[in-house]
Amino acid sequence: MQFIIRVVIRKAEIKDIDQIMQMYSSCVKGMIEAGIDQWDDTYPNSEVIYQDIINATYYVKTINNKIVGGVNIDQLQDKEYLDIKWKDQENLFLVVHRLAVSKEFWSKGIGKKLMIFTELLVKKKNLKSIRLDTYNTNPMAINFYQNLGYTKKGEIFLKPNKNEYYCFEKLIF
């Protein structure tokens, strides 16, 4: 018997919101179990993801129509990013927000594929770099981005009662 596995990255639709939130719930649960308090049951929330979908900037990775990962990719950066010494001085960038993978699919290349997809978007839009931030107590994400060639550019504070976030950049050629 042969099984066909259908793997797709596509723009999210409003009808995907429940599956996306289930994916985040799984991811957040895994992060908390690993001692990472970057996210919780208040963020990311369905209102934020709904707006991402309305803005047509949220992408999902599916396996046989099941959402296993997601990311928002746009050109919006927090004002704190303005204090960072970015290598791309032309401001020709995309920003990665809320990259997540269902816990059961961690370490299976899902996040990497979403980041490679982001690099392809940069090239398609004739841009030059990707910017992002991650929580300083999230060693999995820090190592993940560094292994993909991202360089730490500085630290920012984004939320009250939270530690600093590390900003990363990758130039795309």
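Among contacts in the protein chain between residues at least 6 apart in sequence, what share joins residues at least 24 apart? The figure is 71%. The model behind this value is predicted.

Start with the overall form. The protein chain has 173 residues, and a compact globule of that length would have a radius of gyration near 16 Å. The chain has 16 Å, so it agrees with the globule rule. The C-alpha trace spans about 55 × 40 × 30 Å along its principal axes. Buried residues account for 46% of the 173.

Next comes the secondary structure. The chain holds 4 helices and 7 strands. Along the sequence they follow the pattern β-α-α-β-β-β-α-β-α-β-β.

S2 covers residues 58–63 and is mostly covered, with 5 of its 6 residues buried. S2 has pairings with S1 and with S3. Strand S1, residues 7–11, runs antiparallel to S2 and is joined to it by 5 bridges. S3 also runs antiparallel to S2, and here 6 bridges join the two. Follow valine 60 across these pairings. Arginine 10 stands opposite valine 60 in S2. Valine 60 in turn stands opposite glycine 70 in S3. S2 and S3 form a hairpin, with 2 residues between them. Asparagine 64 sits in that turn and has a positive phi of about 50 degrees.

Isoleucine 9 and lysine 113 are 104 residues apart in sequence, yet their C-alpha atoms are 8.8 Å apart in space. Is lysine 113 buried or partly exposed? Its relative accessibility is 42%, so it counts as partly exposed.

Now turn to the largest pocket. Its volume is about 940 Å³. The lining consists of 37 residues. Trp39, Leu99, Ala100, Ala141 and Tyr145 lie nearest the centre of the pocket. Several elements give two or more residues to the lining: helices H1 (17–33), H3 (110–124) and H4 (139–147), together with strands S3 (66–74), S4 (93–101) and S5 (129–135). The largest share, 6 residues, comes from S4. By class, the lining has 19 nonpolar, 10 polar and 8 charged residues.

Some backbone details remain. Most residues other than glycine have a negative phi, and most peptide bonds are trans. Proline 44 is placed in the loop between H1 and helix H2 (46–54).

Two loop asparagines have a positive phi. For asparagine 126, phi is near 55 degrees. This residue is placed in the loop between H3 and S5. Its relative accessible area is 64%, so asparagine 126 is exposed. For asparagine 161, phi is near 65 degrees. Asparagine 161 lies in the loop between strand S6 (151–156) and strand S7 (165–171). With a relative accessible area of 81%, asparagine 161 is exposed.

Note on methods
Residues are numbered from 1 along each chain as its sequence is written. This is a predicted model: local features need pLDDT of at least 70, side-chain atom pairs count only at pLDDT 80 or more; totals for chains, interfaces and linings use all residues. Side-chain values use heavy atoms; hydrogens and water are left out. On a 1 Å grid over the protein atoms alone, a cavity is a set of points where a 1.4 Å probe fits but cannot get out, and a pocket is an open set with protein on both sides within 12 Å along at least five of seven lines; lining residues have an atom within 4 Å of a point. Grid points are joined across faces, edges and corners, and a volume is the space filled by probe spheres set on the points. Ala, Val, Leu, Ile, Met, Phe, Trp, Tyr, Cys and Pro count as nonpolar, Asp, Glu, Lys and Arg as charged, and the others, Gly among them, as polar. Buried means under 20% relative accessible area, exposed over 50%, partly exposed in between (1.4 Å probe, protein chains only). Two strands pair if DSSP finds at least two bridges between them. The radius of gyration is taken over C-alpha atoms; the globule rule is 2.2 Å times the number of residues to the power 0.38. Contact means heavy atoms within 4.5 Å.
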